[in-house]
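Q: I've got this one open in the viewer and want a quick tour. Where do we start?

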Amino acid sequence: MSNVQSCYQCGKCTSICPMRRVSKTSPRSSIYNANVYGLETKDIWTCLTCGLCPQECPQQVDFLSFIREERQGKQPLDIAHLGVFTELADLSSKLNGNIADKTTDSKIGFFPGCVDSLDLFLHDVKTNFGEITTSSVKLLDTLGMKPQVLTMKCCGHDVLWQGKKDIFDDLKAHNKKYIQESGIDTLVTSCAECYRTFSKDYDLGIKVVHISELLDKLGLKINADVTFHDPCRLGRHMGMYDAPRKALTANGVTIREMEHSKENALCCGVSNFMNCNEQTKALRIARMDEARATGAKTLITTCSKCLAHFNCLKTEKDAVKSYDFDVVDLSVFLARQLGEPGKKEQGSAKPEV
Amino acid sequence: MKGSVAVVGGGIAGIQAALDLADSGFKTYLIESRPSIGGVMSQLDKTFPTNDCAMCILSPKLVETARHPNIELLGYSDVKSITGKAGDFTVKVTKKARYVDETKCTGCGTCTEKCPSKVPDEYNAGMAKRKSIYIPFAQAIPRVATIDSAHCLYLTKGKCGVCKKVCGPKAVDYEQKDKDIELNVGSVVLATGFKPFDPTSLKHYRFDHPDVITSLQFERLMSASGPTQGHVTKQSDGKVPKNIAFIQCVGSRNPRIDRNHCSSVCCMYATKESIIAKEHDPELNITIFHIDIRAYGKNFEEFYNRAQREYGIKYINSRPPEVVVDANNALSLKYEDFNTGDLKSQNFDMVVLSIGLDPADSTRSIAQSSGIALDDFGNIATSIENPVESSVAGIYVCGVAQGPKDIPDTVAQASAAASKAAALLSGERGTLIKEREFPEEKKLSIEPRIGVFVCHCGINIGSVVNVPDVVEYAKTLPGVTHAQEMLYACSSDSQVTIKDAITKNDLNRVVVASCTPRTHEPLFQNTCKEAGLNPYLFELANIREHCSWVHMKDKEKATQKAKGIVSMAVAKSALFQPLYKQKVSLINRAIVLGGGVAGMTSALDIANNGYSVTIIEREKELGGMLREMTELYDGKKPADVLKEIMGKVAENKNIKVINEAKLLKVEGYLGNFKGVVLANGKEMPIDFGAAVVATGARNLEPSGLFNYGKDPGVVTQAQFEKMLGKSLSANVITMIQCVGARNSEREYCGRTCCVDAVKNAIRIKKANSSASVYVLYRDMRAYGVMEKLYGNARDLGVIFIKYEAENPPKVEGKSVLVHDSMLNEDIEIASDLVVLSTPLIAGENEEINQLFKIPLDKNKFFLEAHPKLRPVDFATDGVFLCGSAQAPKLIDEAISQASAAASRACTILSRKFIETEGAVSVVNEAKCIGCGTCVTVCPYNAPSLYDVTVKVEEVTYTTKKSKINAASCKGCGSCAAACPAGAITAQHFSSKEIGEAMDAFQKGVKGISIDKGVVEVMV
């Protein structure tokens, strides 16, 4: 349960809310309305759940839990892409699903997340989401870890944040069983959302690792200037700021930080496939402008949603602004430097997991 | 002058001609001798080279023809004679007795089911049986039964009479007689098509053996609607064949039996049939025995290559003289292996005879009775410059009636013939057509009051679905105020019943549960309009194709499903709002890009149809590539041809020519384009309603090939053509075909090069019979009636030597070395002159493709809207295509296409206004984020972006918003599905409407199970 009753209406949350910069939304008043009068406000749906306000709240109100509880069982105002990803999750929750691959006894499991359906429906953003998986597996192989690739159902992140806990629970039940049967003791994800979900919203009893925690041992010497966008799920939700940066700098990469980074990072603008609108577009533009200002040739992130949203802005038919830099997933960026397996020097040390 | 045209023949040629004429404002009679229109195309399984399903692309055209208010269909009718003169013809027609009243028959098929008499089915090329009272195929138009009087038991023996007894609408009439009628028309288009060659006379091919079949029979065997539901089986024992042989040129390229022509299509259809058969059964071995493989059309060579590379189809250049049947009744073929000289024999389970195209009997009979000249082959005679004009002014011809050709060339000629007829009668345009009038729409009450009409369709639905049960169920659905059953919802008395019910119950939504909206929606929409309801308040629930026809064996579940379908339609219809078509004015003026023979012809046709047209030509003078030529293959001088056509262009007051000009900019849409032309260094605006792209092509310069450019004794065929205009001193001339074509770099066939080589070889021999001419070729592609030209060249002593692609000729100084693949020996030809036949390549098409956003193919030629049925259209409305800009072609073909493009343009220019679709997509600007996804996905160029400044609290940015031009939008909904922000609504198919329908269905779902890839929904 959220501790929303301890809110004393100071309004700090609203002032810091990124959505407030682009719309008349107010975390404060949504707490007030709900807490005092039991009213619903549409603000509970405009919230990006970026996690910025609870960080600043003097009363340590758990605004994210509040939003999730408020949304529970209600109909979202809008879901982008006509809700196709929600429908897919709903559908897959009703189907039988795969069983764990018994051909390998690797104790490490890698879960690709929803890259396939992103490739299927977001072909116009010109991003090869599948490459995130191939890159991640290649990197893990290079590090001497031969993971099982887990063909589970969707982790349920989006539906959980869209107030559809029943679907989430179905997905979770299947995935938990799958993981149990797979016999792994470590679950690696490259997706920030999966990472958060498996860490905080599942109770797996095994180690959940984000791939960026492993990549500083690659031993690559990459001469490149990049900037790094902290996905809210990896950063503020999980507090992981240093691992992805170390994964870059340890491999020779120079990071040029944006005006807002780490705890203060701006949101990509669109979380869990809700709210694709003028406001969220403004946030995307604001973030991409910051990235451009660093002068880096590449913007790196570790969330496929951030990747999709930035690249969507980049590939617009008649772009509002041109952004002359690549937006690339961390694993993809590093794996592209590996070259052919065996040909290049490889990191020898096996990291502890 | 009469504002009406008779089109004779209801195959794809006649259908296209009739549709173009009707769309251009002429009353059109379409006369077909068979019970249904559709011609041979309706019998085909797939079409080359895209393997599109033939019926799937033809059937919408059939329906459109049936529905068109300006087309009067005279099915099962023969033309006896045509008399009179241009502008005023009398066409005598015999309407053969169907013994069924067309106005009463609903096509329910009850009579067919009960008829006891079975006879061979022509539609299935004799391989199945049909009844004596029959509808030839499922998509037949008109969909009425016909009694085969030669076999009907009642008509032949006076017994039976079952059909009359079971006919619900009382349509059977044994007393019906043939009826002679006279049509008074301004012009006639002959589209009498062809007759498939009957191989019975070629006894050594053993067509009497059940496993020797014609290519048309094979086509039926592969078709899902054929006698074996698409399973290729042997006729002798029903087993699946392992080895199949095709024998090409059966009834073609055979002067011995007076078939001097190549049938133009057999190489490709054999290739197509082989590919499809292999797709059905990858274990099959297929061998095609041929003379030349004539893959000359757009994408044909690529198709032929794929057949070999991807499907492993074997092509053997050798023709077996006979089909050998052994004592066990097994088949084998004997043939000479050209590589080794050995005589080989191979066993086959099935032999397919690739039969040629013979002129139709009606072509000859109508020509004879009406004094129309035929050519040497029995086709309607025409000339290169006037490829669709018969010897009688005002009578035009198109399709195979003019000479063997494939479907796209046929469709182009059909539009061309329409263009000529329309030009002749342009003064009478619109005089004989009528528009329907409807009462004013009544005011829509707020609450939905839905009427549901459930159709028995005779026994089609009623024998499977419990219709009364569905009616009772419908009455329980929310918003339904009236529900009833109907025997035939589409019959004319039912329309009265529906109208009465609308009035009596004050209905404001109508749902008919019957068959497919494809054929029947317009009928019921009109019924609604007649009762004062907006047509978009109507919904069809398809409980026949989607239910009773596919669940015949489970009546209980079928009834359940029918209820589900009805509940979905009802739920959806409750949300319907009236939609209106907008009328947009248009500019009745066209532009033609390019002033070659295609561009000039197109401009002349448009001008003769009564519309202003501007030719925009890049060069100083009109004429294009024809200027470079010195003789046509019929001996005419291109200069004379050009002079005549340029004279006509100069004289015509409707035509304006801008030389040394180019189109810089274009915006707008169908009927309302605004462009900018640059000429003489000045930019000037030009407004137009339609555009024809006729920018031609250019000759390939074969730099670096065969010493070209280094040795003055090596020239291109185009340069040689010019040399032939003067006197020629060379005595030994060697031509090399396929230079820079049919290779990995340029896969396509140049199409015109073989004919050009043959033509010029003949010219050399005629001027100097002692000259030696060698033509080194891979396949001689002298298709259609050009075969005769090829024969002439051989008769005159031109020597043709075949070489293989892997072993091309070499030019060394004055000698040409070639490995003769027929002889399997190296030959050296000491030559005075080497002539390289190079293909036409695309011109600077990239600029124009950007201007109009029209696509290019991989060879940079323009890509037409559909390779089969829309050869001169673009997907973008209002822009048309002709000549070599589309792909290389001969002059007469370019001229046909040019007239066709004009005809298509005139279907727009002749309108008083452009009527938009009613159910178009609309953008909610507040939700639009201007990402441009809609612009990318729209096939019709309807959405566009415009600038807006968005101010959201602290952040201000300039972005785009989308707007959809209703005049270009077809309501396909692609944009609505793709819009990430959900800002676009496809009206009449909105997410809400579809969602309500799905929810209605879901309410009844008790469970979903998946077993071995089969999803079963329990209701």
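A: With how elements get named: helices are DSSP runs of H or I with at least four residues, strands are runs of E with at least two, and both are numbered from the N terminus. Also, keep in mind that this is a predicted model.

Q: Is Arg253(B) buried or exposed?

A: Buried: 22 other C-beta atoms lie within 10 Å of Arg253(B), and 20 or more is what buried takes. Asn51(B) has 14 within 10 Å, so Asn51(B) counts as partly exposed.

Q: Switching topic. How many helices and strands does chain B have?

A: Chain B has 25 helices and 54 strands. Its radius of gyration is 31 Å, close to the 31 Å from the globule rule for 1019 residues, so chain B is as compact as a globular protein of that length. The C-alpha atoms fill a box of roughly 90 × 85 × 65 Å along the principal axes.

Q: What share of chain B counts as buried?

A: 54% of the 1019 residues. On the contact side, take pairs in chain B at least 6 apart in sequence: 71% of those contacts join residues at least 24 apart.

Q: What's the strand order in the open sheet of five strands in chain B?

A: β5-β2-β1-β13-β24 of chain B, with parallel pairing. The edges are β5 (71-74) and β24 (395-397) of chain B; each has a single partner strand, so one side of each is left without a neighbour in the sheet. On average, neighbouring strands are turned by 20 degrees against each other, direction ignored.

Q: How many bridges join β2 to β5 in chain B?

A: Four, with β2 (residues 27-31) and β5 of chain B running parallel. Thr28(B) stands opposite Ile71(B) in β5(B).

Q: Which helix packs on the sheet?

A: α10 (residues 407-424) of chain B, touching β1 (4-8), β13 (187-190) and β24 of chain B. The direction of α10(B) makes about 175 degrees with that of β13(B).

Q: Now the interface. How many residues of chain B are in contact with chain A?

A: 24 residues of chain B, in contact with 26 of chain A. β51(B) gives the largest share of chain B's side, five residues. By class, that side has 13 nonpolar, seven polar and four charged residues.

Q: Last one: where in chain A is Phe228(A)?

A: In strand β5 (residues 225-228) of chain A. Phe228(A) counts as buried because it has 27 C-beta neighbours inside 10 Å. Beyond its neighbours within four places in sequence, Phe228(A) contacts Pro244(A), Arg245(A), Leu248(A), Ile255(A) and Ile300(A).

Conventions
Residues numbered from 1 in each chain as written. Chains lettered and ligands numbered in written order. Predicted model: local features only at pLDDT ≥ 70, side-chain atom pairs only at ≥ 80, totals over all residues. Contact = placed C-beta atoms within 7 Å. Nonpolar A, V, L, I, M, F, W, Y, C, P; charged D, E, K, R; others polar. Buried ≥ 20, exposed ≤ 12 C-beta atoms within 10 Å, placed from the backbone. Rg over C-alpha atoms; globule rule 2.2 N^0.38 Å. Pairing = 2+ DSSP bridges. Axes fitted to C-alpha atoms, helices over the stretch in contact; angles between N-to-C directions.
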